[in-house]
Amino acid sequence: MKSLKTTLISLAKNRFNEKEIDFLEKAINFAEESHQEQKRLTGEPFVNHPLRVALLLTQMKLDLNTIIAGLLHDVVEDTKITNQQIRSEFNEEIAFLVNSLTKINKIKYQQKNNSDDNSFSQQQIDQENFRNMILAMAKDLRVIIIKLVDRLDNMKTLWALPLEKQKRKAQETLDIFAPLAYRLGLTDIGAQLEDLAFPYVYPEEYKLTRKIVGRRREKLEAYLKSIVPILLEQLKKNHLEPLAIKYRTKHWYSIWRKLQKEEMDIKRVYDLVAMRLIMPTVSDCYAALGVIHSIWKPVPGRFKDYIALPKPNGYQSLHTTVFAENGQIVEIQIRTKEMDEEAEWGVASHWFYQEMKDNKTYKKRKSYVPPKKFYWIRQLQEWQKQFYNTTDPQQFLDFLKTDFFKDRIFVLTPKGDIIDLPEGATPIDFAYQIHSEIGNEAIGAKVNDKLVPLDYQLKSGEVVEIITKKGKLPSPSWLEFVKMAETKKKIEEVLRRHKLF
Ligand code: MN
């Protein structure tokens, strides 16, 4: 068996030059020496953990500094090495990444020392943890990507931890890390995190899900493969040829959530396995959809065009559900190669493309600011600043729970700009996202050209227009129905300024 070290180096050789490989080897040796005496609770040498983290970061095609930061991420925290040493031995950027990760993790150790604390202070600690994480993430997204990969590896060896810790870590993974991965578009990591946590948090439900699904996934995949020749023939007649056909198997935790929605009826979970067509261009995607609907009738109301209207995390694809051969209901997803890579690697895929496109910019760039479509990360940074100094720290936690991690909808402005909101958001929440003044001066709202009450719950895809009146102030009654913690805060501020609150 090849050692982790050899695998890492040979994989890195595909992308980095000799000098860079030397730098990587120096980091590997440094990590090995620093962690020399340490063992994981699994009994293996500690250094295997950072090696696996670095290996996954390399597979995700992240840059060399990130990979090295992954190798060194536990060095300052767990050994005598200081951040200054990392700076002088490696570079400023690696030292920054490692330092950010150490800061995030420090909170964990306070928890350890006060293990008999009550749940209130536990929440206090979590809050501080959140704040540090958000701060670090807004500065440089790579910090959070390393953190997610670190958590993923730790979840794989969760069995070695004491029972009470297993449950807490798994719960935290479901509550914070998996949603964070999805928000960054790292769907594959999000799904893995959920499936690793699922049996620890909900053991009975996990067993039940496995039992209900049985061999259905394998059978459905075999069926999908059997209908492919029919599809390919029709596509060919229309001069269309997919670059690839893939089969996406729904992960356990997601099946469980779907089962709950569908009254535990597995027959209604149509996308247990979905067929995925990778087409050369966007217009080929729509053309292929037309062909599919001409051979197999679509199930009404199940078609989704995430190409024209991408999900808030940037996800793009066409989804349709059809009655295929023998009336079997199946889901088919159609997208381009770029969309497919982004669906899997999210933000990381952007960096990869930039790196490939323009090596000079890549080398010069100091820190990794989020691409435009992840503008919400910049928003987070703004919100973070606003909430950081509030006297009531609970407000920040509320904000994260309602505004950030909640399921998202996207609505449109009359000009067609997409606004990303939490589920249940009202026209007032929408107005404050456009501009505080528009929120303050709102007197009415139109959804798809029809007047709606201000407490109306917006739905994805709706076009929202706000009617304003100059000099008007927000009404205290709005506080009772607005959804977002950020909206509440803005309204309260104006009311307080005018002594109405
Ligand atoms: Mn670690």
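Where is the place of M264 in the chain? M264 sits in the loop between helix 14 and strand 2, where helices (H or I, at least four residues) and strands (E, at least two) are DSSP runs numbered from the N terminus. The structure is a predicted model, in which local features need pLDDT of at least 70 and side-chain atom pairs count only at pLDDT 80 or more, while totals for chains, interfaces and linings use all residues. Residues are numbered from 1 along each chain as its sequence is written, and side-chain values use heavy atoms, with hydrogens and water left out.

The secondary structure of the protein chain consists of 23 helices and eleven strands. Of its 501 residues, 53% count as buried; buried means under 20% relative accessible area, exposed over 50%, and partly exposed in between, with a 1.4 Å probe and protein chains only. The chain exposes about 24,600 Å², of which carbon and sulfur atoms supply 52%. Accessible areas come from the Shrake-Rupley method with a 1.4 Å probe, and for residues only the protein chains shown count as cover. Among contacts (heavy atoms within 4.5 Å) between residues at least 6 apart in sequence, 68% join residues at least 24 apart.

The largest nonpolar core has 99 residues, and L72, I86 and I334 touch the most other members. A nonpolar core is here a set of buried Ala, Val, Leu, Ile, Met, Phe, Trp, Tyr and Cys residues joined through side-chain atoms within 4.5 Å. Helix 9 (residues 141–156) contributes the largest share of this core, nine residues. At least three residues of the core come from each of domain 1 (4–111 + 119–198) and domain 2 (210–345), the bounds being those of an automatic or database domain assignment. With residues up to four places away in sequence not counted, I86 touches F30, L72, V75, V76, I81, N91, I94 and A95. A second, separate core of 24 residues includes I428, A431, Y432 and V482.

V76 and A95 are also among the residues touched by N83, together with V98 and N99, when residues up to four places away in sequence are left out. N83 lies in helix 6 (residues 83–89) and is buried, at 10% relative accessibility. K5, in helix 1 (residues 4–12), is by contrast partly exposed, at 27% relative accessibility. The residues that K5 touches, not counting those up to four places away in sequence, are I28, N29, E32 and L51. The C-alpha atoms of K5 and L55 are separated by 8.7 Å, although the two residues are 50 residues apart along the chain.

Strand 2 (residues 273–279) is largely enclosed by the rest of the structure, because seven of its seven residues are buried. Both faces of strand 2 are covered, with V273, M275, L277 and M279 buried on one side and A274, R276 and I278 buried on the other. Strand 2 pairs with strand 1 (residues 244–249) in the antiparallel sense over six bridges, two strands being paired if DSSP finds at least two bridges between them. In this pairing, R248 stands opposite A274. Strand 2 also runs parallel to strand 6 (residues 329–336), to which six bridges join it, and I278 stands opposite R335 of strand 6.

Helix 11 (residues 187–201) has 15 residues and reaches 20 Å from its first C-alpha to its last, close to the 21 Å expected at 1.5 Å a residue. The expected span is 1.5 Å times one less than the number of residues. Within helix 11, the buried residues are I189, G190, A191, L193, E194, A197, F198 and V201. These buried residues pack against helix 9, helix 10 (163–183), helix 12 (203–213) and helix 14 (252–261).

Most residues other than glycine have a negative phi. M264, which is not a glycine, has a positive phi of about 60 degrees, and M264 is partly exposed, with a relative accessible area of 33%. Phi of D449, also a residue other than glycine, is positive and near 75 degrees. D449 lies in the loop between strand 9 (442–447) and strand 10 (450–452) and is exposed, with a relative accessible area of 66%. D449 and E465, 16 residues apart in sequence, are 7.8 Å apart in space from C-alpha to C-alpha.
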